[in-house]
Amino acid sequence: MSTSRKQVILGAYLGGVNHHTAWWHPRAGSQIDFGTFEHTARTAERGRFDFFFLAEGLALRERAGEIFDQDIIGRPDTFTVLASLAAVTEHLGLAGTINATFNEPYELARRFASLDHLSGGRAAWNVVTSFDAFTGQNFRRGGFLDPADRYVRAEETLNAVRTLWDSWADGDLVADRESGRFLARADAGAFAVRGSQFDISGRFTVPRSPQGRPVILQAGVSPQGRDFAAANADAIFSPYGKLPEAVKFYRDIKSRAVAAGRAPGDIKILPSASFVLGDTEAEAVEKSREISREQVTGQTALILLEQIWNRDLSGYDPDGPVPDIDPDPDAPPIIQGRAFVHQDRFATAARLREVAAAKRLSLREVVIDQFERGPLVGTPAQVAAQIDAFVQQDGSDGFILGSHLVPWGLDEFVDRVVPLLQERGALRADYTGNTLRDNLGLPGVRSGAAVATDV
Ligand SMILES: Cc1cc2nc3c(=O)[nH]c(=O)nc-3n(C[C@H](O)[C@H](O)[C@H](O)COP(=O)(O)O)c2cc1C
């Protein structure tokens, strides 16, 4: 195996409530039963994936004031699921999407440090900020943050969380065999954080965890989101799973990271992607078409476009052309609680019209064409080659993979594609590190307070 060859990082995505997951499929599991999470995580570990990944939704989605009837509704709490998975897996990282806008640093630090302890160094936090006051209504502080301030809060939250994690050093808790008691350094856990968002001080309850600092992921593509990630994240959950935009994003983030004083390899770019396998290429392409048509019904296509247009488009024919009216960004939001925000509604609408015209696609077809995640379609050998090539040409450092069929869809990937990636030398045959940080090839973390005072 060549040493310069990039290893492919793999995460297993269990998204939950979006239209990518076919919860209505006769073989689909429940979105809440432990068995769904357990099977996906065990399968990912069998395939030597780096981590299992949970998205998060903090409000039920609404369209024009009514709950969506498209998607499945409701999901359990991320920490509870990940903690239970720690007990049934050994090496797999456990990554949770948790909002920095509505949670307090002390709670966040405590929960992730605890997960890191319980899992033996496998915890990861996907820091998201949310963007809407609608989601905020569920929380004590409500939608109190202007979008422009979300990353100010996220940065201060993450710094505070790191201060809390670092308030204990590795050797701070010592077992005293004579007395049979644990003794802590006198100032163990002491912290004080003051900034524009927080004024907190005290002692942190959780001794230093195996990773010291759990792995940090980020998802969000605005300029502020990119700078926040470039300065702080170990990896990005990216929506760019297609070339050439993926390479553009990759270069942009790596150069922002360098500008922030980091090495390009300190931050990994991991697009979200789905896969469809067939015994022949033609079979895989046909299967992929069928799955897309099932995922994006006419009604789903309209809802996805309403998110961009911010208008009621229910009068449009999904099999007709893309609407020729302009988006209405200033109207009250028609769709509430969806995670992904389009930065420029007019540009997106114009692009959809252009693609539809150039490829002669209907409204529904252009939504399928443009909204699909990474197009990993083909025979197992083709998909292994596509993944490897994408990573080697710096489209990404790996993928966060989700299957439309939860929890069984990942089995096929692990049985048929993983061995081929291993044969190519692109994926480890076995876990090599003790922690998620090790397995991801990330730089180590200094050992908290005691070491920090030495430097
Ligand atoms: C690929 C991707 C996945 C995301 N997943 C979630 C999620 O699971 N839960 C959530 O609350 N927000 C999620 N977000 C939303 C981000 O947290 C963020 O609120 C939003 O993208 C706006 O940030 P931005 O302005 O930097 O793009 C995701 C964003 C992206 C790009």
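**Loops, helices and a buried phenylalanine**

Guide: In this predicted model, Asn310 sits in the loop that runs between helix 9 and strand 14 (335–336).

Visitor: What is phi of Asn310 near?

Guide: Phi of Asn310 is near 55°, which is positive although the residue is not glycine. Most residues other than glycine have a negative phi.

Visitor: And is Asn310 buried or exposed?

Guide: Asn310 is buried, because its relative accessible area is 7% and the cut-off for buried is under 20%.

Visitor: Which other residue has a positive phi without being glycine?

Guide: Asp394 is one, with phi near 60°. Asp394 belongs to the loop between helix 12 and strand 16. Its relative accessible area is 31%, so Asp394 counts as partly exposed.

Visitor: Back to helix 9. At what angle does it pack with helix 10?

Guide: The angle between helix 9 (residues 298–309) and helix 10 (residues 345–359) is about 140°, and their axes are 9 Å apart. That angle makes helix 9 oblique to helix 10.

Visitor: Which residues make the contact?

Guide: Helix 9 contributes Leu305, Gln307, Ile308 and Trp309, while helix 10 contributes Arg345, Thr348, Ala349, Leu352 and Arg353. By type, the contact of helix 9 with helix 10 has 5 nonpolar, 2 polar and 2 charged residues.

Visitor: New topic: cis peptide bonds. Where is there one?

Guide: The bond from Leu243 to Pro244 is cis, with omega near 5°. Pro244 is in the loop between strand 12 (235–238) and helix 7. Another cis bond joins Val406 and Pro407, where omega is about 0°. Pro407 is in the loop between strand 16 and helix 13. Most peptide bonds are trans.

Visitor: What does helix 13 bury?

Guide: In helix 13 (residues 409–416), the buried residues are Gly409, Leu410, Asp411, Phe413 and Val414. Their packing partners are strand 1 (9–14), helix 1, strand 13 (268–277), helix 12 (380–392), strand 16 (398–402) and helix 14 (418–423).

Visitor: Last one, Phe249. Where is it found?

Guide: Phe249 is part of helix 7 (residues 245–259). Phe249 counts as buried because its relative accessibility is 3%.

Visitor: What is it in contact with, leaving aside neighbours within four places in sequence?

Guide: Phe249 is then in contact with Val221, Arg226, Ile236, Ser238, Tyr240 and Ile269.

Visitor: How far apart are Phe249 and Ser396?

Guide: Phe249 and Ser396 are separated by 147 residues in sequence, and their C-alpha atoms are 8.9 Å apart.

Terms used
Residues are numbered from 1 along each chain as its sequence is written. This is a predicted model: local features need pLDDT of at least 70, side-chain atom pairs count only at pLDDT 80 or more; totals for chains, interfaces and linings use all residues. Side-chain values use heavy atoms; hydrogens and water are left out. Axes are lines fitted to C-alpha atoms, for helices over the stretch in contact, and angles run from 0 to 180 degrees between N-to-C directions. Helices (H or I, at least four residues) and strands (E, at least two) are DSSP runs, numbered from the N terminus. Angles under 35 degrees count as roughly parallel, over 145 as roughly antiparallel, 65 to 115 as roughly perpendicular and the rest as oblique. Contact means heavy atoms within 4.5 Å. Ala, Val, Leu, Ile, Met, Phe, Trp, Tyr, Cys and Pro count as nonpolar, Asp, Glu, Lys and Arg as charged, and the others, Gly among them, as polar. Buried means under 20% relative accessible area, exposed over 50%, partly exposed in between (1.4 Å probe, protein chains only).
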